[in-house]
Each structure stands twice: as structure tokens, then as C-alpha cells.
Amino acid sequence: LRVGVIGMYVVILLVLYDLLFFVISSLLFVFFFIVVVCFFFFFLLFFFNDPATTEIYTILFVGSVRCV
């Protein structure tokens with residue numbers, strides 16, 4: 001009887017450990033996903049709001065347009 005009770009406690013502890021690991025890993029995944037998405041959008045906003053980049057794109061666009 002004592003081994004059965006100890007075994008039951010071990011199973012409960014293992015299930016709680018797995019649940020805790022799942023919750024922590026899910027939260028870390030969501031956190032890093034949000035960080036990557038925010039970094040991507042900030043990079044785009046910075047890159048396309050830079051005057052030099054805008055000027056380069058304007059020169060490339062004007063140079064590629066033909067006057068018919």
C-alpha cells in the first residue's frame with residue numbers, strides 16, 4: 001500500500017512538471033514571437049522612413065520610368 005501511494009505522488013509530480021514545462025515553453029514562444037514581429041515592424045518603419053533610403057528609391061524609380 002505504501003509503494004502505491006508513493007507511486008501515485010510521483011505520477012502527480014511528473015504530470016505537474018510536464019504541465020509547468022508546457023506552460024513555460026508556450027509563454028516563451030509567444031514572447032519571442034512578439035519580440036520578432038515587433039522588431040520586424042520597427043525595422044521596416046525605420047528603413048522606409050530614412051531620407052537617404054527614400055531618396056535612393058526615388059532615384060531608382062525615376063530612372064526606371066521611360067518617357068514615351
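Buried means under 20% relative accessible area, exposed over 50%, and partly exposed in between, using a 1.4 Å probe and protein chains only. This is a predicted model, in which local features need pLDDT of at least 70, side-chain atom pairs count only at pLDDT 80 or more, and totals for chains, interfaces and linings use all residues. Residues are numbered from 1 along each chain as its sequence is written, and side-chain values use heavy atoms, with hydrogens and water left out.

Select Phe 29. Phe 29 is exposed, at 59% relative accessible area.

Now look for aromatic pairs: rings of Phe, Tyr and Trp (its six-membered ring) with centres within 6.5 Å, called stacked with planes under 30 degrees apart, edge-to-face over 60, and tilted for the rest. The whole structure has three such pairs. In one of them, Phe 29 and Phe 33 have ring centres 6.4 Å apart and planes at 20°, so the pair is stacked.

Next, select Phe 40 and Phe 41. Phe 40 is partly exposed at 47%, and Phe 41 is partly exposed at 49%. Their ring centres lie 5.9 Å apart with planes at 65°, so this pair is edge-to-face.

Finally, select Met 8, found in helix H1. Met 8 is partly exposed, with 45% relative accessibility.

Note on methods: Helix = DSSP H or I, 4+ residues; strand = E, 2+ residues; numbered from the N terminus.
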